[in-house]
Structure formats: structure tokens, C-alpha cells
Amino acid sequence: MQKTIWVLLIALTFLNCKNNTDSDVAIAVEKESLQQDSPFVWEGANLYFLLTDRFNNGDTSNDVNFGRTKETGKLRGFEGGDIKGITQKVKEGYFTDLGINAIWMTPIVEQIHGGTDEGTGVTYGFHGYWAKDWTKIDPNYGTKEDLQELVKEAHAKGIRIVLDAVINHTGPVTEKDPVWPDEWVRTDPQCKYDNYENTVTCTLVANLPDIKTESNEDVELPPQLVEKWKAEGRYEEEVKELDAFFERTGHPRAPRFYIMKWLTDYITEFGVDGYRVDTVKHTEEHVWQEFRKECDYAFNEYKKNNPDKVLDDNNFYLVGEVYNYGISGGQMFDFGDKKVNYFEPESFHSLINFEFKWNSKEMDYEALFKRYSEVLNNDLKDYGTMNYLSSHDDGSPFDASRQKPYETANKLLLSPGTSQVYYGDESARSLIVEGTVGDATLRSFMNWDSIANQPRTKEVLEHWQKLGQFRANHPAVGAGLHQMITESPYVFYRSLSTNHFNDFVVIGMDLKKGQKVLDVSKVFKEGDKLHDAYSGQDITVTDGKAVVSSEYNMVLLEKK
């Protein structure tokens, strides 16, 4: 991955005051000697995570496929969301208005055709994690043409597309979906999660066949895939491509390499920018080095073959889901009997940080921001962490009842690291749905009606939009070094410097409505013209101070 080059902050003078945990924030930014627009930096990206099936229905004609018509548990069937629906919102500017510069969508490969009851009612693979055929997009989500259009339209607005990769398991066995051959999968034992082996060499849950990712033995294609591809008239083409892949790489025809080939095809064909990788700790760590190598090769091939479609010189992005990983572990994840580094050598650029929601509950702003800046610029220097406060499978979100949408925005969007906005965070979509069982309560359809008709929702969304746009425009917010200036009012400083870009940010909190006086002398020069992106007014620095009069408790200042 492209490394971010850091420099030390300029010396700052500290004033004695008290800590403040209020959600009101003021921000000021200076760019010095800029030679270009703000660069995209994965370490500070503002990433939007959505369930493809639950975000927006852009094509009602593809809502039912493969006879998936059984009555399901509540929110456990397909709801109609699709790729066209995402593209529609890209074109409308929804993501741009929200300051989103990367979209992570749940897996779009063809899912099992049948449903299964895991004790929560009949469930179909609406979530995308029950693969049947990695080589084809599930028609419930759309077509290849739909994906091509999404990538094209997103890239036109500077938005990256991150798909979701599953390598360690197939979908469950149903009456329509036979188990894969023994040389491909194991169906027992079930994982106990009490040591390394009982987490890796086992099935995640009952009836979720585990790919034998440890195997280096040559295996034939599963007969159900051979039959399917022949019926679809593409068997010879798929085999020809596989032969070319194995000849080029020299890899054995082992199960994991088939899946890597199928997944990296989405890079070379569509130009997607990254993968979020599922269930990382349930697969041998060397597998991710192999996957990283193939992803990098595929991305370079795409860039070489499509120079007019290249956004920038960022490398392919890999972020891993090591369940329960937290930044307290630094680069290591502890299985109890073994510690594993999923960052080096040449594995993941970033890991999802399951600790952030707890830190956000326990810490005030300064403690939270200082901690993350220290870790990211020391133990995790040149790597990243993806912070979230709610997600699709975390039953203990930061604010399930959505009583603190402003605090959620402030802590998520102003913390160092990559921010993961879960669909509906910005609109206070409820994470408590009556009648659901388990993680279904987290996966309701996007609350577009509330956004359109509820004044309170519109106010919350506007706050997220202003912070999100500011974060996207100023990578120092997420990828910069943090330093407190004063405790009361709480004011801090962020700086990001690379060979070609300098970004300096001053952030203050707990400002009163009406006239607000900010000492910006450590950052801005006398007479500098500033713009408050929150209220829309312009300000001139006088006597080292910026004076803003507005009805808001937040000020977003940037140099004009």
C-alpha cells in the first residue's frame, strides 16, 4: 500500500483549562503551499458501508430469483436493494453530499438458491455471505453491466468502490444447494474459538462448510459448478481462464487459489478499488499474503489496460475483518495460545477496529483522539484502522436507540483513522426493530421516507453532511497528527504533510451560540481570509482571532 509520509507538528503552546465532553465542535483549517487538490488518503477515508440488498431498490424486476419465495423470519429475506439503487444515489449526489469518498458493499456474488433456518426463521442469502458461485453476480443484486456503471459513476465523483471478499466458506447446504466435495470443504468440527486451531481449522457455525484453505492439493472443479456453467453456456470459457491463471501463477489447483482467481477477476474487469475481507482470523495468515499479491497484480493490470480510468496512484486497498481485533493489540491479534500479525509481511493495509465503540463510550473527546493519534502514528504507523460505531453483525452498537446521533457523528468523523459510516448512521435509522431475532435488527431497509419527511432526520443528516464533507476535503482530520491546544474551550490541532500536500486543522468544542471567538494565531496568519463551512460566512483573522457569529455551536473554518 502507498505509505503516508508524516512530519512532526509545529510546536504548540498549551493553555490550562478543563476537559470537555460536549458534542459541540468548531474546526479551522489552513492549507500551506498547496500544489494540488486534497489527495485521497485511505488512512483518513470516509467510507460508507451498506448492505446491497437493504439500501435502495433501483430495479424492481430483479427482486425475486431462483424461487426464493418461502416465508422467512422478519428481515431475513431479500428486500429488493440492488446495484442500480446504489448507482442511483451516486448520481443524485447523496454520497457526495455526505462527504463519502469510498463505498463498501456486501458481497454481490451469486448466493445459494435455497433458504435455511439457523434457529431464527428461514433465511436467504440476502446479506451476500453465502456464496454459491463466485464467478457470477447474483441477479437479485444486478448484472455485470450494472456493476460497470456503478464503478464508472462513482469514480466520476471521486468515490472508490470496495467489494467484500469471502474465501473461507461456501454458503450453507440446502435442498437446492448441495455440499461441495470433501477435498474442497470440511463440515466439522465446529469452531470452539478457544485457541488458534479451534478458530481456523473448523466451521464457523453448523451448516457452513469451511473451505480447506490449508490444502495445497490439486482439486477438480465441484460438479455442481461444472453442471451450472455448462447449462449457462460458459464452461469452456471459465476453464480456459482458470488454466491461464494457474499457468501464470504456478499455484497448485488448491481450493483457495480458485477463489482468489474468481475474486480478483472483479478487479481486472471492473476496476474496483479494494476488498474488505470477511472472517480473516478463520483462515491461515499466509493466505492473505497470497491474496494481497494477486489483488495487487490484478489492480496493476487494470491500470495498465485502462490508463484513462485510473483515479490516482493509490494501490489496491485491503481491509480485514479480524473479529474482536482492537487497536490496543497494535499489529498483533491474540488467539490465547498464539499471536498473529495480519499487517506484515504484506498482508492487510488496515483492520476493522472492534474497540472503537467501547473507547467512544468510555472516553471523552481528547482521551479518544489522543489515544488514536498515538497508536496510529506509532504501533500502526504506515497502516490503518477502520473505526465504526454500528455495523451489520455487532449486536452492541454505540447507540442502538439513536438517541445520540450528533455525538456519534462527532466521535466517528473527527477521530483519527478511517471512518466507517454504516448505512443509516447519518439518518438515525433505528437499530432496534421489533419482531426480529439476532442481527436482523441491525439490517432494516434504509429509512428514505424519514429523510424525506421528518424534520429531525433532515437536521441530523445535515450535521453528518457538513462534518463528512469537511473530513473528505481535509485528510488531516482522519489521517493527521493530533495535538491538544487548550482544554477549555477544548481546542486541538491536526496536521498532515506529505511530499506534495500540507493540511492543518484546528478543532474547537463547546462553543456558545451567537458570537464565538477562536484564537487561531498558532495556525492562521493575521489578515487571512477564512470560510466557515458550517454557517457559510466568511471571516478575516484579526489580532490572531477568528470571530464567528452564528446560531450554531459548531464552526468549520478553512482558508479561502
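Leu75 is buried, with a relative accessible area of 15%, which puts Leu75 under the 20% cut-off. This is a predicted model, and Leu75 also has a positive phi of about 60° without being a glycine.

- Leu75 belongs to the loop that runs between α1 and α2.
- Phe66 is in the loop between α1 (52-55) and α2 (83-92).
- Like Leu75, Phe66 is a non-glycine residue with a positive phi of about 60°.

- Asp188 and Pro189 are joined by a cis peptide bond, with omega at about 0°.
- Pro189 sits in the loop between β9 (185-186) and α5 (197-200).
- Another cis peptide bond links Ser488 and Pro489, again with omega at about 0°.
- Pro489 is in the loop that connects β18 (481-486) and β19 (491-497).

**Helix α8 on its own**

- Helix α8 covers residues 255-270, which is 16 residues.
- From first C-alpha to last, α8 reaches 24 Å, close to the 22 Å expected at 1.5 Å a residue.
- Most of α8 is covered, with 13 of its 16 residues buried.

**How α8 packs against α9**

- α8 and helix α9 (residues 285-305) pack at an angle of about 30°, and their axes are 9 Å apart.
- That angle makes α8 roughly parallel to α9, because angles under 35 degrees count as roughly parallel.
- The α8 and α9 crossing is right-handed.
- On the α8 side, the residues that meet α9 include Arg256, Phe257, Met260, Leu263, Thr264 and Ile267.
- Thr268, Glu269 and Phe270 are also among the α8 residues in this contact.
- On the α9 side, the partners include His286, Val287, Glu290, Phe291 and Glu294.
- Cys295, Ala298, Phe299, Glu301 and Tyr302 are also among the α9 residues that meet α8.

**How α8 packs against α4**

- α4 and α8 pack at about 60°, with 11 Å between their axes.
- That makes α4 oblique to α8.
- From α4, the contact is made by Lys144, Leu147, Gln148 and Val151, and from α8 by Tyr266, Glu269 and Phe270.
- The crossing of α4 and α8 is right-handed.
- Glu269 and Phe270 turn up in the contact with α4, and they are also among the α8 residues that meet α9.

**His155 in α4**

- His155 is part of helix α4, which spans residues 144-156.
- His155 is buried, with a relative accessible area of 12%, so it falls under the 20% cut-off.
- Which side chain makes a polar contact of 2.7 Å with the side chain of His155? The partner is Asp273.
- Leaving out residues up to four places away in sequence, His155 touches Arg160, Gly271, Asp273, Lys309 and Leu311.

- Asn377 is in the loop between α11 (365-376) and β16 (384-387).
- Asn377 counts as buried, at a relative accessible area of 13%.
- What does the side chain of Asn377 reach at 2.8 Å? That side chain reaches the backbone oxygen of Ser373.

- Gly99 is found in the loop between α3 (94-97) and β3 (102-105).
- Gly99 counts as buried, at 5% relative accessibility.
- Gly99 and Gln465 are 366 residues apart in sequence, yet their C-alpha atoms are 6.2 Å apart in space.
- Not counting residues up to four places away in sequence, Gly99 touches Asn46, Gly468, Gln469 and Ala472.

Technical notes
Residues are numbered from 1 along each chain as its sequence is written. This is a predicted model: local features need pLDDT of at least 70, side-chain atom pairs count only at pLDDT 80 or more; totals for chains, interfaces and linings use all residues. Side-chain values use heavy atoms; hydrogens and water are left out. Helices (H or I, at least four residues) and strands (E, at least two) are DSSP runs, numbered from the N terminus. Buried means under 20% relative accessible area, exposed over 50%, partly exposed in between (1.4 Å probe, protein chains only). A polar contact is a pair of N or O atoms within 3.5 Å; within protein, one must be able to donate a hydrogen and the other to accept it, and residues adjacent in sequence count only if both atoms are side-chain atoms. Contact means heavy atoms within 4.5 Å. The expected span of a helix is 1.5 Å times one less than its number of residues. Axes are lines fitted to C-alpha atoms, for helices over the stretch in contact, and angles run from 0 to 180 degrees between N-to-C directions. Angles under 35 degrees count as roughly parallel, over 145 as roughly antiparallel, 65 to 115 as roughly perpendicular and the rest as oblique. A crossing is left-handed if the near helix is turned anticlockwise from the far one by less than a right angle, and right-handed if clockwise.
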